[in-house]
Amino acid sequence: MYCVRKVTDDLYWVGANDRRLTLFENIHPIPRGVSYNSYLLLDEKTVLFDTVDWSAGRQFLENIEHVLNGRKLDYLLINHMEPDHGASIEEVLLRYPEAQVISTEKAFMLMHQFNFNVDGRTIQVAEGDTFSFGKHEVTFVSAPMVHWPEAMVTYDLTNGVLFAADAFGSFGSLDGRLFNDEVNFDRDWIDDARRYYTNIVGKYGPHVQALLKKASTVDIKMICPLHGPVWRNDFAYFIDKYDKWSRYEPEEKGVLIAYASMYGNTESAVNALATKLAERGMTNIAMYDVSKTHVSQLISETFRLSHLVLASVTYNLGIYPPMHNFLMDMKALHVQNRIVAVMESGSWAPKSGSLMTEFLDEELKTMTVLNEQVSVLSSMNESSALEMDQMVEGILESMND
Amino acid sequence: MLFQTTEQHEAFRTQIREFAEAEVKPIAFMLDKNNEFPEEAVKKLAKMGMMGLPYPKKYGGAGKDVLTYAIAVEELARVDGGTGVILSAHVSLGSYPIFAFGTEEQKQKYLVPLVKGEKIGAFGLTEPNAGSDAGGTETTAELQGDHYILNGGKIFITNGGVADTYVVFAVTTPNIGTRGISAFIVEKGWEGFEFGDHYDKMGIRSSATAELIFNDVKVPKANLLGKEGQGFKIAMATLDGGRIGIASQALGIAQGAFENAVEYAKEREQFGMPIAHQQINSFKIADMATKIRAARFLVYSSAELKEAHEPYGMESAMAKQYASDICLEVVNDALQIYGGNGYLKGMEVERAYRDAKICTIYEGTNEIQRVVIASHILGKPPKQQTGKLKAKGPITGARKKKIFTEGSAKDQVNALVEALKADGFDFTVGIDPQTPIIEADRVVSAGKGIGDKGNMKLIEALAHQAGAAIGSSRPVAETLKYVPLNRYVGMSGQKFNGNLYIACGISGAGQHLKGIKGATTIVAINKNKNAPIFKNADYGIVGDVMEILPLLTKALDNGEEKKPAPPMQKMRKATPKKEAPPWKSYVCSGCGYEYDPAQGDPDADVSPGTMFDALPEEWICPDCGEEKDNFIEG
């Protein structure tokens, strides 16, 4: 049975929701599920914009069939080849033998690599090309490394709809709602949208900035991403977030406290630190145990907040592995421009502090490590409490700059 | 082939030797004693055409060969090592880069008067942190419109102060090492171009050696020598030739000492005969002569190679290294032959003994000469893991570097006091100004900029109001003796680990800065805005200590007696925000690979420090093979 929604005149959402998948890209947990968005345009010609993950293939094919209502599919337009959108291409082409595929050179190369037979059915387009389907004329804008090299976005010159590929997407299944104004995005969706962007696209800030620059030159009426709600108003809200994330600027002044504690002593110390911060008026605090928190959440929160406290026990003379993993993920995603306070603990040779500092200085970009560091020998004592007071001073002072 | 000089060469030698004997030798002792430049003799040399010997007649030169020039340096050095290097630095270092790399306009404007001897040339490469390794150059030249703005300084510059035309090397692209260095022609007298003290040297005291100081010196674009980034290449090519001059100088000093020793040994009688005929001395003389002959062949041969446009870089390095090494041996033996008499001031061998030493040091130490020779034989050493190129931070660690420039001097002082109070400094308390430096919470220190001894009362007054002990830089204690030796601060003196250090008229030599690394807050007051102290300070005011110190003293005075200071507690040191690297990075649109100039691309033989723009057009992304065009700015 079909499940579709009209997006605007001539345009239908024919995607699907996935609440069964545990790990997106087999790495990021998605407790709220995810939607794979695909759009079908009924003009003089019929055009399908991207496909869905193979796991949602059956639903998707029923949706297309229903909206086409007996018409043939003329074009399959592929903005992005990643298998959560591209996996059903082959099946669509089998079912609609007259459909031609419109995409970029690199996308066709990828189709060959994925063993999709598109020979004789390809229309290769590039940045600036236009294509008319009757009433609707579209233009193509390349979006390399947002977040794959072949990606493009397609802009409908007739009605101002932007098919944005993975840009402006979010984790979370739609559950009947389709538009940003049908949900409370800032309350219910922004955390997933941030976790999606920062972990999937986060590394490619300069390329996102390049795309934002191009997007600012056209009059966008609607943004149709490949995941999450369709945006039909309040663009500034989301573009501002994208701008900050892709410039690696924090959204808010606040402190993320990520700690690694084996028996609770380090945890106890960061509790004291958080209390001192709150007493001094800094209440925007987010505190996570790195052993229990998925690193995608830690990354997302790092992008949100201006300050970072890393508190780690020393483990085998090194940084506690989950904390080390967090640091390596920050490096991989080009996290930068944050102020970091470092707290170490250990019972005979505490050195995680100097190791974390070295990692931040040498491996990450433009991370300011505060001079004030706390060293906890087994458990907090008066001397580490004194160091902690200094650290609080340092954090608060650096917030004023 | 007889390995002999030509008749013309020897005729020339006779001419220049007559001049040296008549005009330089008689005054050499006086020049040495007074640290005096032989102005008149140099003018006469110019009249004789000696200042442009190896340059073409069309530029006003004598059109002689390089060997003739080498003989000239040798013969001058034979009577006075200092006069020898005046000619060498002028011809090889000051004039050559303009001759070899200058445009026709630059040659007409600068080379012609140099070659005619109307002007004197000099060469400014060495800096405190850039000796053998020019990659450490810190003098900068920033392009602003039609001018480069030159800032920084050079040390140990031969002909410094007396020269009119300077070839100066400065960084135009920071943090990429030697590729970021460019060469400029700078004229004496330009605004902001000043000279430091004439150094009090061990030898070659008749040659002027000074520090060059550049403060916002406007250098017209037209005075860029070669292209931007070619500075290192120009410097190295110049020094290849310069070595012939130094080698000739060493040869001349040795020759002079040798002749004196032979003469003395023949006159001096002991045990009934001239000491020359005592075997210990005759063998010594034989060895000296042998060494000098070997050195002479090396020097003359490299001069001939240069003249014939044959490769001569290795040969000139051998000549410089060998001639100066044996020069030290020869002057040592010569003085030994003289015995106690040679140890007296006024004796030529005594002066030669002191003059000789510089030849193994300058224009590339003999250690560097061996590096050059070895690299010609063995090629480049295998690539070592050089690691990331890192922008070098200040010696005292990351500092706030807040310079107060708004408003009048008084406003600046008030802003400084406000900032210090905001940091938690309490100026109602004080300590004994004679508190040992290592125990003091605060120190007010005087540098050479303080001037006369009488001005120390300004330091005393400020120390009192700042609740500080009195310290100084090394020269103030050691040379000027304004304070006892145990009060100078620095690596070699007292280390300051307290909270507030106020440096007054201290420019910030490396060893001084190392001694204040531990200070919580450093304040700099100096009239030279490029003084290194400002890069190493938290707060600074650019101004004359005579004006600023009384204002600061007054601003800190609350009109009451200072209360005794509580025991020192180390204050918190603020963390300055980490600065992004000064270069741009570029990101591949095919895969997201980021090209980082700090790392280069070792697999493609792109060394660290290569800017993206400088990558060859055919360079491709090492990860995905995308072309250079498909990179965007990161």
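**View 1. Salt bridges across the interface of chain A and chain B.** The rule finds 3 salt bridges across this interface. The model is predicted. One salt bridge joins the side chains of A:Lys365 and B:Glu594, at 2.6 Å from N to O.

**View 2. The contact of chain A with chain B.** Chain A gives 26 residues to the contact and chain B gives 24 residues. Together the two chains bury about 1,900 Å². Carbon and sulfur atoms carry 48% of that area.

**View 3. Helix 4 against helix 6 in chain B.** Helix 4 spans residues 81–101 and helix 6 spans residues 231–267. Their axes lie 9 Å apart, at an angle of about 160 degrees. Angles over 145 degrees count as roughly antiparallel, so helix 4 and helix 6 of chain B are roughly antiparallel to each other. The crossing of these two helices is right-handed.

**View 4. Residues where helix 4 and helix 6 of chain B meet.** Helix 4 contributes residues including B:Gly81, B:Val85, B:Ser88, B:Tyr96 and B:Phe101. Among the residues of helix 6 that they meet are B:Ala237, B:Gly241, B:Gly242, B:Gly245 and B:Ile253. By class, the contact of the two helices has 10 nonpolar, 8 polar and 1 charged residues.

**View 5. The surroundings of A:Asp329.** A:Asp329 sits in helix 10 of chain A, residues 321–332. Leaving out residues up to four places away in sequence, A:Asp329 touches A:Asn199, A:Val295 and A:Ile299. A:Val295 is 34 residues from A:Asp329 in sequence. In space, the C-alpha atoms of A:Val295 and A:Asp329 are 7.7 Å apart.

Note on methods. Residues are numbered from 1 along each chain as its sequence is written. Chains are lettered from A and ligands numbered from 1 in the order in which they are written. This is a predicted model: local features need pLDDT of at least 70, side-chain atom pairs count only at pLDDT 80 or more; totals for chains, interfaces and linings use all residues. Side-chain values use heavy atoms; hydrogens and water are left out. Helices (H or I, at least four residues) and strands (E, at least two) are DSSP runs, numbered from the N terminus. Contact means heavy atoms within 4.5 Å. Axes are lines fitted to C-alpha atoms, for helices over the stretch in contact, and angles run from 0 to 180 degrees between N-to-C directions. Angles under 35 degrees count as roughly parallel, over 145 as roughly antiparallel, 65 to 115 as roughly perpendicular and the rest as oblique. A crossing is left-handed if the near helix is turned anticlockwise from the far one by less than a right angle, and right-handed if clockwise. Ala, Val, Leu, Ile, Met, Phe, Trp, Tyr, Cys and Pro count as nonpolar, Asp, Glu, Lys and Arg as charged, and the others, Gly among them, as polar. Buried area is the accessible area (1.4 Å probe) that two parts lose on being put together, summed over both. A salt bridge is a side-chain nitrogen of Lys or Arg within 4 Å of a carboxyl oxygen of Asp or Glu.
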